[in-house]
Amino acid sequence: CFMSFVEVCVVEASDLISALGRKSDPYVVITTNSCRVEKTKVIKKNLNPQWDESFVIPINNLREALLFQVFDRDHLGRDGFLGKTKILLKTLTEGQQEEITSSLEGVPHGKLKLRLKLRSIYFAPIKTVSSKSTFKFPSGHSANYALGPILIFYGIDKSGPSDHLYNIALLVVVEGKGGRTPKLKISQNPEGNKVRVVRVRRHGTLRIWRYLFSIKQNKDDQAITYSLYKTGGGKYEHTFYVPPLQENPRLIYTSCNGLSRPDVEGFPDNTANAVWVKLMEDHLKNKYHLLLQGGDQVYCDELWKSDERLVHYQKLHNHLSKKIKLPFPDDLKEKCEAYYFNKYISHWNQEEIRVVLASVPMINMWDDHDIFDGAGSYPDEELECPIYKGVFTAALENFTAYQLGFHHLNKNEMPSQLPTHNQAFSHMYTIGRIAIACFDMRSERKNNRIMSDETYDAFQVWLKEISQNKIEHLLVMSGVPLVYNDLSHVETLLAIIPGEQALEDDLRDHWSAKAHRTEKLHFTRLLLDFAVQNSCRVTVLSGDVHLGAIGMLKDETKESTSNACVIYNLTSSPIGNHVPPLKLVKYLKKNSSGIHTYAKDMRSQVLYFPDARRKKYLNSRNYLTIKFDVSIGLNAFWTTEDEDEPYALRISAFSQTESVDIPFQVKVIKEKKARKGVTTNNGNT
C-alpha cells in the first residue's frame with residue numbers, strides 16, 4: 001500500500017492587515033480534513049512575518065486540501081482572523097517541490113508564501129512473529145508505524161524465590177485498517193516462547209497494539225535486544241535491561257515534559273529536548289532499568305482553543321449555572337478524542353524522546369497537564385458539567401492506552417493495581433528489595449480531597465502484604481511534592497483578587513493547600529508508621545513545580561530514634577518545560593528559610609543541596625537518577641541542563657540511630673551564620 005504525506009514549509013507572509021489599529025502578532029494554523037494538525041510560532045508586532053518553519057503532514061486522501069489560516073494572537077480575548085488560503089493536494093506534483101505565494105481570502109489584503117512537496121512511499125506487508133498470539137489478525141493488509149516502540153513495565157510474577165518473570169509491554173501505533181501486526185524479534189526467547197498481542201485502542205485508521213512478554217530474571221544483569229521491522233526493509237532495534245534476581249533496579253525519574261503554550265514558549269536553536277539527549281547519554285553509560293514518569297508527560301492545555309464551544313466554555317469562568325447547561329455532543333467528543341490520541345503521537349515521536357521510551361521500560365502516572373491545567377482542582381459542581389466530564393474522559397482513555405498500555409474499560413489488565421472498585425489507576429510494585437507506590441492523584445480529586453478513602457484502605461492492605469517481604473526502601477510517587485513551601489498565604493490572597501482563579505487552581509493542587517492538610521497528615525502518618533514498624537526507609541518522588549528540590553520531614557513523636565522516622569521528598573522538574581523566573585525562586589528561598597510545623601512534633605523543611613554550590617532550588621531543567629547500594633542506601637543524582645556535575649544526596653539505609661544524611665542542613669545553616677558573625681550553641685535550625 002501507499003502512504004502519502006506533504007512536506008510543508010511556511011515561509012513568510014506579507015502585507016497583513018493591521019488588527020485593532022496596531023501591528024499584529026501573527027501565526028499560522030494548518031488544518032486538514034477539518035482537524036488542526038500544526039501551528040507555527042507567534043511573531044510579535046510584524047505585518048511581514050518570516051517563519052521559515054517546516055512540517056511533515058500525513059495525508060489519508062489526495063482529494064483533501066490543506067487549509068492555512070493566519071491569526072493574530074490576542075492575549076486578552078479571541079485571536080483575530082488575518083486571512084486564509086487553501087491548497088488542493090491534487091494540484092501538487094509528486095516528488096516536486098513547489099513554491100506558492102497565495103493571496104489571503106476573507107481580508108482586504110495579505111499574502112502567504114509556502115513551499116510544498118508531495119511524497120508517497122510504498123510499504124510491503126508485515127507479518128507477525130507471534131505464532132501463539134491470543135489475537136487472530138485479518139490477513140491481506142500491511143501497516144506503517146505512526147509511533148513506537150514504547151516499553152512499559154508490567155510488574156514481576158513470582159512463583160518461587162528464584163522463579164521471577166519480568167513482564168514487559170511493548171506498544172506500537174500502526175497505520176491501516178486491520179492488518180498484520182509488525183514482526184517482532186527478541187534476542188532472548190521470552191518465557192514459554194509466547195508473545196501475547198492485543199489491540200488496545202483504535203482511532204480512524206490508526207491502531208495501538210500491545211505485545212506482552214516475560215523475561216526470566218537470573219543472577220546477572222540482562223541486556224535484551226529486540227527488533228521491530230519497518231516497511232521497506234528497515235527495522236527499529238533497541239536494547240533494554242533486566243535487573244538481576246533480588247537486586248534493586250537503577251532508576252530514572254522525570255516530570256513536566258512539554259509546554260502549555262508551545263507557540264509562544266518555544267526554545268531557541270532546537271534545544272527543546274536537550275535534557276533528553278543528556279538522559280540518553282547517561283543511560284548508555286549506566287544502563288538504567290526503569291523510567292519513572294511522575295506526571296505531565298504531555299501538555300494538553302491547548303485543547304481548550306481547538307473548538308469554539310470549548311473556548312466559550314472557558315470564557316464563562318465561574319458561571320457554573322451556564323456551564324452545566326452546555327452539552328457535549330458526539331462531534332465534540334470525537335474532536336477531543338482525536339486531539340489526545342494525536343497529541344501523544346506528535347509529542348512522543350520526537351527523536352530524542354522516542355529513543356528513550358524505546359530503551360527504558362516506563363512506570364507512568366498522569367498529572368493535571370496530561371488532562372488540562374488544574375484538572376480536578378475546580379469547584380465540585382464544575383466536575384459534573386458535561387463538557388468537563390467529556391474532556392476528562394477523552395484524556396483518561398488515551399492516558400490508559402499510551403501510558404499504561406490497556407483499554408480504559410479493561411482495568412483488570414492493569415499490572416499491580418490496587419484492589420479497588422473505583423476509577424483510580426494507582427499501581428504498586430516490588431522489585432528486588434524495594435517497593436514502588438505510584439499514586440493516581442487526579443482521577444478521584446475533588447476540591448477537598450486528593451484520593452478517596454477506598455484508595456487509602458487498599459494501600460494499607462498492600463503495605464501489610466509487602467511487610468512480609470523485608471522491603472528496605474519504599475519509593476512513593478506523588479505528582480506534587482509532599483514536602484515543599486507552604487503557600488497557603490498566597491492561596492488566601494489570590495482568593496480575594498479578581499481574575500486570579502487560574503493561579504488559585506494551581507495552588508489548590510498542592511498538598512499544602514488548606515483543604516488538603518488533614519489528608520496530608522493522614523497520608524504522612526501511613527508512610528511513617530510503615531517505615532518505623534518495618535525498619536524501612538521511605539522516600540517520596542515528585543515533580544510539578546518546575547524546580548529541583550530536597551524536602552525533609554521528621555516525626556519526633558515516634559519512640560524509636562531510628563532514621564525510619566525521617567522521610568525525604570526528592571523533587572525533579574521540569575525535563576521539557578521552562579523553569580520559573582529568578583525572582584520567584586528568590587521568593588521561594590526566602591519563604592522556606594525555617595522549619596515548618598504542620599502537626600504536633602512533626603517538622604518539615606526544604607533543604608540545601610549538600611555541596612559547595614549552596615543551592616536550595618535547581619532553577620534549571622533536570623532529571624533525577626537513583627542507584628541503590630546494599631550497605632549504604634539510596635544515592636540520588638540530579639542532572640541539570642547547564643551543568644556537567646550532578647547534584648547528589650545520599651539517603652542512608654535503615655539504622656537504629658539517626659543517620660548521617662540528616663545533619664548536613666545544620667552544617668549549612670551554621671556556616672551561613674558564621675559568615676555573618678553569628679554563632680550558635682547547638683546548631684539547631
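Tutor: Start in helix 7 (residues 453-466), where phenylalanine 459 and tryptophan 462 are three residues apart and therefore separated by about one helical turn. Helices (H or I, at least four residues) and strands (E, at least two) are DSSP runs, numbered from the N terminus. This is a predicted model, in which local features need pLDDT of at least 70 and side-chain atom pairs count only at pLDDT 80 or more, while totals for chains, interfaces and linings use all residues. Residues are numbered from 1 along each chain as its sequence is written, and side-chain values use heavy atoms, with hydrogens and water left out.

Student: How many aromatic pairs does a search of the whole structure find?

Tutor: The search gives 30 aromatic pairs. One of them is stacked, because the ring centres of phenylalanine 459 and tryptophan 462 are 6.0 Å apart and the planes are at 25°. Rings of Phe, Tyr and Trp (its six-membered ring) pair if their centres lie within 6.5 Å; planes under 30 degrees apart count as stacked, over 60 as edge-to-face and the rest as tilted.

Student: Is phenylalanine 459 buried or exposed? And tryptophan 462?

Tutor: Phenylalanine 459 is buried, at a relative accessible area of 0%. Buried means under 20% relative accessible area, exposed over 50%, and partly exposed in between (1.4 Å probe, protein chains only). Tryptophan 462 counts as buried too, at 10%.

Student: What kind of pair do tyrosine 484 and tyrosine 617 form?

Tutor: Theirs is edge-to-face, with 6.3 Å from centre to centre and 80° between the planes. The pair ties together parts that are 133 residues apart in sequence, because tyrosine 484 lies in the loop between strand 21 (473-477) and helix 8 (488-495), and tyrosine 617 in the loop between strand 26 (602-607) and strand 27 (622-629). Tyrosine 484 is buried at 13% relative accessible area, and tyrosine 617 is buried at 5%.

Student: Which residues do ring pairs link into a cluster?

Tutor: Trp304, Tyr313, Trp366 and Phe425 are among them. Tyrosine 313 also has the charged end of lysine 323 over its ring, 4.6 Å from the centre. A charge sits over a ring if NZ of Lys or CZ of Arg is within 6 Å of the ring centre and within 35 degrees of the ring normal. Elsewhere, arginine 614 lies over the face of tyrosine 608, at 4.9 Å from the ring centre.

Student: Back to helix 7. Which of its residues are buried?

Tutor: Thr455, Tyr456, Ala458, Phe459, Trp462, Leu463 and Ile466. They sit on the same side of helix 7, because they cover an arc of only 160° around the axis. The arc is that of the directions from the helix axis to the C-beta atoms.

Student: Which exposed residues are on the face of helix 7 turned away from its buried side?

Tutor: That face carries Asp453 and Lys464.

Student: How many residues of strand 28 are buried?

Tutor: Seven of the eight residues in strand 28 (residues 633-640) are buried. Strand 28 pairs with strand 27 in the antiparallel sense over eight bridges, and these two form a hairpin with three residues between them. Six bridges join strand 28 to strand 29 (residues 647-652), also antiparallel. Strand 28 and strand 29 form a hairpin with six residues between them.

Student: Where is a cis peptide bond?

Tutor: One joins glycine 148 and proline 149, with omega about 0°, and proline 149 lies in strand 9 (residues 144-160). Another joins serine 573 and proline 574, with omega about -5°.

Student: And what is phi of aspartate 52?

Tutor: Phi is positive, about 50°, although aspartate 52 is not a glycine. Aspartate 52 is in strand 4 (residues 50-59) and counts as exposed at 51% relative accessibility.

Technical notes
Pairing = 2+ DSSP bridges.
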